[in-house]
Amino acid sequence: MQMKLPQLELHRIDEQFDNVPHVHDHHFQVTVPVRGACYFNRENKEYVLNAGESLVLNPSDRHSFRIGPDSGVIIIKVDERSFYPAHLTERVEPAFRHSVDASEFAKQFRKWTTDVFALDQVDPMAAEETESKVLSYLQRMLWADQTDILRGSGTRVNTAQTDRGMARVLEYVHAHYAERLNLDEMAAVAMQSRFYFIRSFKALTGCTPYQYVLRLRVEDAQQRLRRTADTVTDISFALGFSSASQFYRVFAGIVGMSPEKYRSYAKSL
(Lines give C-alpha, C1' and ligand atoms only; values in the text may rest on other atoms or scores of the structure.)
Protein backbone atom coordinates (compact mmCIF):
# COMPACT_ATOMS: atom_id res chain seq x y z
CA MET A 1 0.00 0.00 0.00
CA GLN A 2 1.22 3.49 -0.79
CA MET A 3 -0.33 6.93 -0.56
CA LYS A 4 1.09 10.27 -1.64
CA LEU A 5 0.15 13.58 -0.02
CA PRO A 6 1.67 16.99 -0.87
CA GLN A 7 4.35 16.89 1.85
CA LEU A 8 4.72 13.20 2.62
CA GLU A 9 4.25 9.63 1.45
CA LEU A 10 2.82 6.70 3.42
CA HIS A 11 3.90 3.14 2.59
CA ARG A 12 3.16 -0.23 4.12
CA ILE A 13 4.81 -3.47 2.94
CA ASP A 14 3.53 -6.81 4.25
CA GLU A 15 5.31 -9.31 2.05
CA GLN A 16 8.83 -10.38 1.17
CA PHE A 17 10.69 -7.35 -0.13
CA ASP A 18 14.24 -6.44 -1.08
CA ASN A 19 15.35 -3.21 -2.77
CA VAL A 20 18.61 -1.78 -4.08
CA PRO A 21 20.66 0.99 -2.41
CA HIS A 22 19.22 4.45 -3.09
CA VAL A 23 18.67 7.92 -1.63
CA HIS A 24 15.58 10.12 -1.32
CA ASP A 25 16.48 13.62 -2.45
CA HIS A 26 14.91 16.26 -0.18
CA HIS A 27 13.00 13.68 1.89
CA PHE A 28 13.56 12.20 5.32
CA GLN A 29 12.46 8.60 5.83
CA VAL A 30 11.09 7.07 9.03
CA THR A 31 10.99 3.26 8.93
CA VAL A 32 9.05 1.29 11.55
CA PRO A 33 8.76 -2.52 11.48
CA VAL A 34 5.35 -3.42 12.91
CA ARG A 35 5.75 -7.19 12.54
CA GLY A 36 8.83 -9.39 12.37
CA ALA A 37 12.22 -7.90 11.52
CA CYS A 38 13.65 -5.51 8.93
CA TYR A 39 17.26 -5.88 7.77
CA PHE A 40 18.55 -2.42 6.98
CA ASN A 41 21.71 -1.20 5.28
CA ARG A 42 22.56 2.47 5.83
CA GLU A 43 25.77 3.83 4.36
CA ASN A 44 27.13 0.26 4.13
CA LYS A 45 26.40 -0.46 7.79
CA GLU A 46 23.96 -3.22 8.69
CA TYR A 47 21.12 -2.83 11.21
CA VAL A 48 18.45 -5.25 12.37
CA LEU A 49 15.19 -3.55 13.30
CA ASN A 50 12.64 -5.57 15.22
CA ALA A 51 8.99 -4.61 15.60
CA GLY A 52 8.75 -1.24 17.32
CA GLU A 53 12.33 -0.15 16.56
CA SER A 54 12.23 2.85 14.23
CA LEU A 55 15.04 4.36 12.21
CA VAL A 56 15.33 7.91 10.82
CA LEU A 57 17.17 8.56 7.56
CA ASN A 58 18.40 11.90 6.29
CA PRO A 59 17.83 12.79 2.63
CA SER A 60 21.47 12.07 1.75
CA ASP A 61 21.63 8.66 3.46
CA ARG A 62 22.19 5.85 0.97
CA HIS A 63 20.21 2.83 2.11
CA SER A 64 18.36 -0.38 1.29
CA PHE A 65 16.39 -2.93 3.28
CA ARG A 66 14.79 -6.33 3.09
CA ILE A 67 12.04 -8.14 4.98
CA GLY A 68 10.81 -11.72 4.94
CA PRO A 69 7.33 -13.04 4.13
CA ASP A 70 6.29 -12.95 7.81
CA SER A 71 7.27 -9.32 8.40
CA GLY A 72 5.61 -5.96 7.89
CA VAL A 73 7.04 -2.46 7.78
CA ILE A 74 5.60 1.07 7.63
CA ILE A 75 7.59 3.79 5.90
CA ILE A 76 6.87 7.52 6.02
CA LYS A 77 8.79 9.85 3.71
CA VAL A 78 8.59 13.54 4.66
CA ASP A 79 9.61 16.59 2.65
CA GLU A 80 12.61 18.14 4.38
CA ARG A 81 10.81 21.52 4.52
CA SER A 82 8.08 20.03 6.73
CA PHE A 83 10.06 17.55 8.80
CA TYR A 84 11.10 19.75 11.74
CA PRO A 85 8.58 21.08 14.30
CA ALA A 86 7.42 24.61 13.49
CA HIS A 87 8.31 25.88 16.99
CA LEU A 88 11.95 24.85 16.87
CA THR A 89 14.01 27.85 17.97
CA GLU A 90 17.08 26.02 16.72
CA ARG A 91 17.57 23.04 14.45
CA VAL A 92 17.74 20.04 16.80
CA GLU A 93 18.22 16.72 15.06
CA PRO A 94 16.13 13.76 16.26
CA ALA A 95 17.83 10.61 17.45
CA PHE A 96 18.74 8.11 14.74
CA ARG A 97 16.81 5.25 16.38
CA HIS A 98 13.64 5.22 18.48
CA SER A 99 11.44 2.71 20.28
CA VAL A 100 7.71 2.95 19.52
CA ASP A 101 4.58 0.95 20.25
CA ALA A 102 4.30 -1.07 17.03
CA SER A 103 0.60 -1.88 17.43
CA GLU A 104 -0.29 1.74 18.21
CA PHE A 105 1.76 2.96 15.24
CA ALA A 106 0.02 0.47 12.93
CA LYS A 107 -3.35 1.61 14.32
CA GLN A 108 -2.50 5.25 13.57
CA PHE A 109 -1.40 4.31 10.05
CA ARG A 110 -4.73 2.58 9.40
CA LYS A 111 -6.59 5.66 10.62
CA TRP A 112 -4.59 8.02 8.42
CA THR A 113 -5.06 5.95 5.30
CA THR A 114 -8.75 5.29 6.05
CA ASP A 115 -9.35 9.02 6.41
CA VAL A 116 -7.88 9.73 3.00
CA PHE A 117 -9.50 6.76 1.23
CA ALA A 118 -12.89 7.76 2.65
CA LEU A 119 -12.50 11.13 0.97
CA ASP A 120 -11.25 9.71 -2.33
CA GLN A 121 -8.42 12.26 -2.10
CA VAL A 122 -10.69 14.74 -3.87
CA ASP A 123 -10.36 17.68 -1.51
CA PRO A 124 -6.92 19.23 -0.90
CA MET A 125 -8.00 20.61 2.48
CA ALA A 126 -8.92 17.11 3.69
CA ALA A 127 -5.53 15.83 2.57
CA GLU A 128 -3.84 18.73 4.38
CA GLU A 129 -5.60 17.84 7.63
CA THR A 130 -4.55 14.19 7.40
CA GLU A 131 -1.04 15.28 6.54
CA SER A 132 -0.92 17.57 9.57
CA LYS A 133 -2.04 14.70 11.82
CA VAL A 134 0.78 12.50 10.50
CA LEU A 135 3.42 15.21 10.88
CA SER A 136 2.25 16.11 14.38
CA TYR A 137 2.35 12.45 15.45
CA LEU A 138 5.83 11.95 13.98
CA GLN A 139 7.22 15.09 15.56
CA ARG A 140 5.92 14.11 19.00
CA MET A 141 7.46 10.68 18.52
CA LEU A 142 10.86 11.85 17.25
CA TRP A 143 11.29 14.80 19.59
CA ALA A 144 9.70 13.20 22.65
CA ASP A 145 12.65 14.25 24.81
CA GLN A 146 12.43 17.85 23.59
CA THR A 147 9.00 18.81 24.95
CA ASP A 148 10.06 22.40 25.70
CA ILE A 149 11.10 22.85 22.09
CA LEU A 150 7.90 21.34 20.76
CA ARG A 151 5.81 23.65 22.91
CA GLY A 152 7.80 26.70 21.93
CA SER A 153 10.00 27.12 24.98
CA GLY A 154 9.76 30.47 26.64
CA THR A 155 6.72 31.69 24.65
CA ARG A 156 3.48 32.65 26.31
CA VAL A 157 0.16 32.30 24.58
CA ASN A 158 -1.68 35.61 24.27
CA THR A 159 -5.26 34.45 24.90
CA ALA A 160 -6.83 37.71 23.74
CA GLN A 161 -4.82 37.65 20.53
CA THR A 162 -5.75 34.00 19.93
CA ASP A 163 -9.45 34.80 20.45
CA ARG A 164 -9.27 37.69 17.99
CA GLY A 165 -7.49 35.47 15.48
CA MET A 166 -10.11 32.75 15.75
CA ALA A 167 -12.90 35.30 15.40
CA ARG A 168 -11.27 36.57 12.20
CA VAL A 169 -10.89 33.09 10.77
CA LEU A 170 -14.51 32.14 11.52
CA GLU A 171 -15.66 35.30 9.75
CA TYR A 172 -13.37 34.42 6.83
CA VAL A 173 -14.66 30.84 6.60
CA HIS A 174 -18.31 31.93 6.70
CA ALA A 175 -17.61 34.34 3.84
CA HIS A 176 -15.66 31.88 1.67
CA TYR A 177 -16.85 28.34 2.53
CA ALA A 178 -18.10 27.72 -1.02
CA GLU A 179 -14.64 28.44 -2.42
CA ARG A 180 -11.55 26.25 -2.40
CA LEU A 181 -9.92 26.92 0.96
CA ASN A 182 -6.65 25.64 2.33
CA LEU A 183 -5.35 25.35 5.85
CA ASP A 184 -2.37 27.64 5.38
CA GLU A 185 -4.62 30.51 4.30
CA MET A 186 -6.91 29.96 7.29
CA ALA A 187 -3.99 29.65 9.70
CA ALA A 188 -2.53 32.89 8.31
CA VAL A 189 -5.82 34.69 8.99
CA ALA A 190 -5.71 33.36 12.56
CA MET A 191 -1.99 34.28 12.77
CA GLN A 192 -1.08 30.76 13.91
CA SER A 193 0.97 27.87 12.61
CA ARG A 194 -0.99 25.21 10.77
CA PHE A 195 -0.55 22.65 13.59
CA TYR A 196 -1.59 25.03 16.36
CA PHE A 197 -4.47 26.36 14.25
CA ILE A 198 -6.04 22.93 13.75
CA ARG A 199 -5.88 22.20 17.49
CA SER A 200 -7.26 25.59 18.56
CA PHE A 201 -10.01 25.49 15.90
CA LYS A 202 -11.18 22.07 17.06
CA ALA A 203 -11.07 23.16 20.69
CA LEU A 204 -13.30 26.12 19.84
CA THR A 205 -15.79 24.49 17.44
CA GLY A 206 -15.66 20.79 18.30
CA CYS A 207 -14.63 19.80 14.77
CA THR A 208 -11.72 20.23 12.37
CA PRO A 209 -11.64 23.14 9.91
CA TYR A 210 -12.52 20.82 7.01
CA GLN A 211 -15.48 19.30 8.88
CA TYR A 212 -16.68 22.80 9.74
CA VAL A 213 -16.53 23.90 6.09
CA LEU A 214 -18.46 20.80 5.02
CA ARG A 215 -21.20 21.51 7.56
CA LEU A 216 -21.56 25.08 6.32
CA ARG A 217 -21.84 23.82 2.75
CA VAL A 218 -24.45 21.23 3.70
CA GLU A 219 -26.50 23.82 5.62
CA ASP A 220 -26.47 26.05 2.53
CA ALA A 221 -27.39 23.05 0.35
CA GLN A 222 -30.38 22.30 2.56
CA GLN A 223 -31.67 25.83 2.07
CA ARG A 224 -31.19 25.62 -1.70
CA LEU A 225 -32.95 22.27 -1.86
CA ARG A 226 -35.91 23.71 0.03
CA ARG A 227 -36.15 27.07 -1.70
CA THR A 228 -34.92 26.58 -5.29
CA ALA A 229 -35.37 24.21 -8.21
CA ASP A 230 -31.61 23.95 -8.79
CA THR A 231 -30.40 20.46 -9.62
CA VAL A 232 -28.32 18.53 -7.12
CA THR A 233 -25.36 18.71 -9.50
CA ASP A 234 -25.65 22.50 -9.82
CA ILE A 235 -25.87 22.88 -6.05
CA SER A 236 -22.87 20.65 -5.46
CA PHE A 237 -20.60 22.64 -7.78
CA ALA A 238 -21.94 26.01 -6.58
CA LEU A 239 -20.93 25.08 -3.04
CA GLY A 240 -17.39 24.02 -3.87
CA PHE A 241 -17.71 20.23 -3.95
CA SER A 242 -15.38 18.64 -6.46
CA SER A 243 -18.05 16.28 -7.76
CA ALA A 244 -21.71 15.41 -7.33
CA SER A 245 -20.70 12.05 -5.83
CA GLN A 246 -18.67 13.78 -3.11
CA PHE A 247 -21.66 16.02 -2.37
CA TYR A 248 -23.99 13.02 -2.13
CA ARG A 249 -21.64 11.23 0.26
CA VAL A 250 -21.07 14.24 2.53
CA PHE A 251 -24.73 15.31 2.54
CA ALA A 252 -25.98 11.81 3.41
CA GLY A 253 -23.33 11.47 6.11
CA ILE A 254 -24.40 14.70 7.84
CA VAL A 255 -28.16 14.80 7.16
CA GLY A 256 -28.88 11.07 7.12
CA MET A 257 -30.57 10.97 3.72
CA SER A 258 -29.82 11.76 0.09
CA PRO A 259 -30.34 15.30 -1.28
CA GLU A 260 -33.38 14.15 -3.31
CA LYS A 261 -35.00 12.51 -0.31
CA TYR A 262 -34.33 15.61 1.75
CA ARG A 263 -35.96 17.83 -0.91
CA SER A 264 -39.05 15.59 -1.02
CA TYR A 265 -39.22 15.47 2.77
CA ALA A 266 -38.88 19.26 3.08
CA LYS A 267 -41.69 19.84 0.54
CA SER A 268 -43.97 17.51 2.45
CA LEU A 269 -43.77 19.56 5.64
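This is a predicted model: local features need pLDDT of at least 70, side-chain atom pairs count only at pLDDT 80 or more; totals for chains, interfaces and linings use all residues.

Me: Which residues of H7 are buried?

Reply: In H7, the buried residues are Pro209, Tyr210, Tyr212, Val213, Leu214, Leu216, Arg217, Val218, Asp220, Ala221, Gln222 and Leu225. The helix itself runs over residues 209-227, which is 19 residues. From its first C-alpha to its last it reaches 27 Å, close to the 27 Å expected at 1.5 Å a residue.

Me: What makes H2 roughly antiparallel to H7, and not oblique?

Reply: The angle decides. H2 and H7 pack at about 155°, with their axes 9 Å apart. Angles over 145 degrees count as roughly antiparallel, so H2 is roughly antiparallel to H7. Met125, Ala126 and Glu129 of H2 make this contact with Pro209, Tyr210 and Val213 of H7. By class, that contact has 5 nonpolar residues, no polar ones and 1 charged.

Me: Why is H2 called roughly perpendicular to H6?

Reply: Helix H2 (residues 124-142) and helix H6 (residues 194-205) pack at about 105°, and their axes are 10 Å apart. The range for roughly perpendicular is 65 to 115 degrees, so H2 is roughly perpendicular to H6. On the H2 side the contact is made by Glu128, Glu131, Ser132, Leu135, Ser136 and Gln139. H6 brings Arg194, Phe195, Ile198 and Arg199. These residues divide into 3 nonpolar, 3 polar and 4 charged.

Me: Glutamine 7 sits in a loop. How do you know whether glutamine 7 is buried or exposed?

Reply: Its relative accessibility is 19%. Buried means under 20%, so glutamine 7 counts as buried. The loop in question lies between strand E1 (2-4) and strand E2 (8-13). Leaving aside neighbours within four places in sequence, glutamine 7 is in contact with Lys77, Val78, Asp79, Ser82, Glu131, Leu135 and Arg194. One of these, serine 82, is 75 residues away along the chain, with the C-alpha atoms separated by 6.9 Å.

Me: And what makes glutamine 16 buried or exposed?

Reply: Glutamine 16 has a relative accessibility of 58%. Exposed means over 50%, so glutamine 16 counts as exposed. You will find glutamine 16 in the loop between E2 and E3. Setting aside residues within four places in sequence, glutamine 16 is in contact with Ile67, Gly68 and Pro69. The C-alpha atoms of glutamine 16 and glutamate 131 are separated by 28 Å, and the two residues are 115 apart along the chain.

Me: Why is serine 54 called buried?

Reply: Serine 54 has a relative accessible area of 0%. The limit for buried is under 20%, so serine 54 is buried. Serine 54 has its place in strand E7 (residues 53-57).

Me: How do you know how to class alanine 102, as buried or exposed?

Reply: At 14% relative accessibility, alanine 102 is set against the limit of under 20%, and therefore counts as buried. Alanine 102 is found in helix H1 (residues 102-118). Beyond residues up to four places away in sequence, alanine 102 touches Pro33, Val34, Ala51 and Gly52. Tyrosine 84, by contrast, is 18 residues from alanine 102 in sequence and 23 Å away in space, C-alpha to C-alpha.

Me: What makes methionine 191 exposed?

Reply: Methionine 191 has a relative accessible area of 57%. The cut-off for exposed is over 50%, so methionine 191 is exposed. Methionine 191 lies in the loop between helix H5 (183-190) and H6. Its phi is positive, at about 60°, although the residue is not a glycine. Histidine 26 also has a positive phi, near 70°, in a residue other than glycine. Histidine 26 is found in the loop between strand E3 (17-18) and strand E4 (27-35).

Me: How much of the whole protein is buried?

Reply: Buried residues make up 48% of the 269 residues. The protein exposes about 14,100 Å², with carbon and sulfur atoms supplying 49% of it. Its secondary structure comes to 10 helices and 10 strands.

Methods. Residues are numbered from 1 along each chain as its sequence is written. Side-chain values use heavy atoms; hydrogens and water are left out. Helices (H or I, at least four residues) and strands (E, at least two) are DSSP runs, numbered from the N terminus. Buried means under 20% relative accessible area, exposed over 50%, partly exposed in between (1.4 Å probe, protein chains only). The expected span of a helix is 1.5 Å times one less than its number of residues. Axes are lines fitted to C-alpha atoms, for helices over the stretch in contact, and angles run from 0 to 180 degrees between N-to-C directions. Angles under 35 degrees count as roughly parallel, over 145 as roughly antiparallel, 65 to 115 as roughly perpendicular and the rest as oblique. Contact means heavy atoms within 4.5 Å. Ala, Val, Leu, Ile, Met, Phe, Trp, Tyr, Cys and Pro count as nonpolar, Asp, Glu, Lys and Arg as charged, and the others, Gly among them, as polar. Accessible areas come from the Shrake-Rupley method with a 1.4 Å probe; for residues, only the protein chains shown count as cover.
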